[in-house]
There are 2 protein chains.
Amino acid sequence: MAAAAPPPPPTPAPSAPTGLPDSDSTPVGHPLFARIRLATPLDIPHIHKLIHQMAIFEKLTHLFTATESSLASTLFKSPPFLSFTIFLLEVSSHPFEKDSNFHSQSFTPIERIFNLDHSLIDPEAETFKNGINGDVVVAGFVLFFPNFSTFLGKPGFYVEDLFVRECYRRKGLGKLLLSAVASQAVKMGYGRVEWVVLDWNVNAIKFYEEMGANVLPEWRICRLTGPALEAYRDAI
Amino acid sequence: MAAAAPPPPPTPAPSAPTGLPDSDSTPVGHPLFARIRLATPLDIPHIHKLIHQMAIFEKLTHLFTATESSLASTLFKSPPFLSFTIFLLEVSSHPFEKDSNFHSQSFTPIERIFNLDHSLIDPEAETFKNGINGDVVVAGFVLFFPNFSTFLGKPGFYVEDLFVRECYRRKGLGKLLLSAVASQAVKMGYGRVEWVVLDWNVNAIKFYEEMGANVLPEWRICRLTGPALEAYRDAI
């Protein structure tokens with residue numbers, strides 16, 4: 001838990017996904033090409049920067065101790081979806097080139113075109129550029145992993161973090177990321193997708209409820225960490 | 001989540017663990033020998049019954065759809081601690097025989113003697129008996145799995161369920177089960193142990209706080225399930 005899903009757009013994005021790119025149709029306005037793919041160890045530097053931005057956004061930088069090294073030693077140790085899994089969101093002003101490296105038996109990248117009303121300036125494009133052409137930039141990510149419901153007797157997914165960089169918010173990209181996790185859960189026969197939200201974040205709560213989620217009012221998270229956890233080293 | 005940790009004893013157990021059985025010392029009073037070991041697929045019938053008792057306790061039987069078959073097809077698919085993991089709590093009025101089947105590289109069973117003031121009658125002993133001698137009974141379990149903190153950049157454990165059968169409550173056994181998970185987390189270098197509690201369950205909250213946990217007041221759980229989740233099957 002800990003890291004929060006930042007508040008997604010409170011209202012439906014003005015420009016909804018228009019489906020997969022179609023070579024016979026020319027996008028109108030200002031097209032933003034978006035792709036969701038499985039992250040790889042090569043993405044760790046960008047992922048680390050995104051997590052740091054999230055900590056700043058949430059005013060929780062005092063809790064931020066992750067390093068590229070700590071992420072590298074704990075992520076990507078299992079096949080996708082069986083443990084900690086990251087979907088990376090990339091965007092471009094041009095159609096994505098087919099990159100067979102990102103296709104796997106586990107997951108075929110998702111592509112959408114968002115037709116924006118205005119052209120978009122990304123002040124951090126240089127920091128988050130990806131790929132050889134430099135036009136593709138990393139815009140966000142979602143980190144999730146299996147959880148388990150004993151009542152259902154089957155797994156689900158827990159979404160630890162959902163983050164979209166500021167200049168790409170309120171366009172439907174956060175919804176696309178979360179939908180990708182929900183869709184994957186259904187395909188795997190899983191029973192639930194769960195995550196947490198701050199109770200004062202009414203915009204986020206409204207957004208999640210519009211996506212079909214229930215907010216459970218009575219449950220509270222208990223956390224044992226730091227010296228209080230360390231005290232159990234020799235307790236058993 | 002979903003299934004709750006039942007309210008553990010609000011006060012320290014009257015008879016605290018007294019350490020590993022020692023053949024040179026005769027336990028006084030009414031000794032209860034307790035063992036925590038990794039569960040195996042052979043334990044599924046007992047685990048299923050324990051989950052059902054938990055659903056009754058929480059008045060949530062309408063959410064209980066797990067079957068022995070659904071548990072068998074989803075649990076014990078990974079090495080211990082890397083995915084869904086169950087510690088089983090067994091008790092006996094006699095010392096446990098050494099059972100090398102339960103010793104593994106992953107986890108050495110934990111044994112404790114609880115000296116009770118009164119002898120204990122287990123009305124469900126027949127249902128929950130284990131082992132060839134019939135004196136060992138299953139008294140509870142804890143199901144947990146790895147979660148991940150992006151801020152810490154490392155895993156933790158999430159405790160989905162902690163359950164002790166009614167006649168064995170308020171003796172320190174729930175604390176022993178949760179301590180076993182915390183100790184395992186520390187040994188693995190993990191950063192947190194987390195679980196949830198109902199906000200009105202003041203006895204449980206007090207117990208958890210005495211164990212060193214913080215209850216986070218602001219976070220709420222969001223859950224996408226049932227038809228609302230199913231709707232994402234073809235959304236992507």
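This is a predicted model: local features need pLDDT of at least 70, side-chain atom pairs count only at pLDDT 80 or more; totals for chains, interfaces and linings use all residues.
The points below cover the interface, the relation of the two copies, and some local features.

**Extent and make-up of the interface**
- On the side of chain B, 77 residues are in contact with chain A, and 77 residues of chain A take part in turn.
- The rule for polar contacts finds 32 residue pairs across the interface of chain B and chain A, both residues of a pair being at pLDDT 80 or more.
- Helix α4 of chain B, residues 173–187, gives the most to the side of chain B that touches chain A, with 8 residues.
- Sorted by class, that side of chain B has 49 nonpolar residues, along with 14 polar and 14 charged ones.

**Salt bridges between the chains**
- Between chain B and chain A the count is 4 salt bridges.
- One of the salt bridges joins the side chains of Arg223(A) and Glu194(B), with an N to O distance of 2.6 Å.

**Strand pairing between the chains**
- Strand β8 of chain A (residues 214–216) pairs with strand β9 of chain B (residues 219–225).
- The pairing of β8 of chain A with β9 of chain B is antiparallel and runs over 3 bridges.
- Asn214(A) stands opposite Arg223(B), a residue of β9(B).

**Relation of the two copies**
- Chain B is superposed on chain A by a rotation of 180°, with 0.0 Å of shift along the axis and an RMSD of 0.0 Å.
- The two copies are therefore related as by a two-fold rotation axis.
- Of the interface residues of chain B, 100% are also interface residues in chain A, so the copies meet through the same surface.

**Salt bridges in the whole structure**
- Over all chains, a search of the whole structure finds 20 salt bridges.
- Within chain A, the side chains of Glu210(A) and Lys206(A) meet in a salt bridge at 3.1 Å, N to O.
- Both Glu210(A) and Lys206(A) belong to helix α5 of chain A (residues 202–210), where they are 4 residues apart, about one turn of the helix.

**Backbone angles to check in the loops**
- Arg170(A) is not a glycine, yet has a positive phi of about 65°.
- The loop that holds Arg170(A) runs between β6 (154–164) and α4 (173–187) of chain A.
- Phe81(B), also not a glycine, has a positive phi of about 80°.
- Phe81(B) is placed in the loop between α2 (68–74) and β2 (85–92) of chain B.

Key:
Residues are numbered from 1 along each chain as its sequence is written. Chains are lettered from A and ligands numbered from 1 in the order in which they are written. Side-chain values use heavy atoms; hydrogens and water are left out. Contact means heavy atoms within 4.5 Å. A polar contact is a pair of N or O atoms within 3.5 Å; within protein, one must be able to donate a hydrogen and the other to accept it, and residues adjacent in sequence count only if both atoms are side-chain atoms. Helices (H or I, at least four residues) and strands (E, at least two) are DSSP runs, numbered from the N terminus. Ala, Val, Leu, Ile, Met, Phe, Trp, Tyr, Cys and Pro count as nonpolar, Asp, Glu, Lys and Arg as charged, and the others, Gly among them, as polar. Two strands pair if DSSP finds at least two bridges between them. Copies are superposed by least squares on the C-alpha atoms of residues with pLDDT of at least 70 in both.
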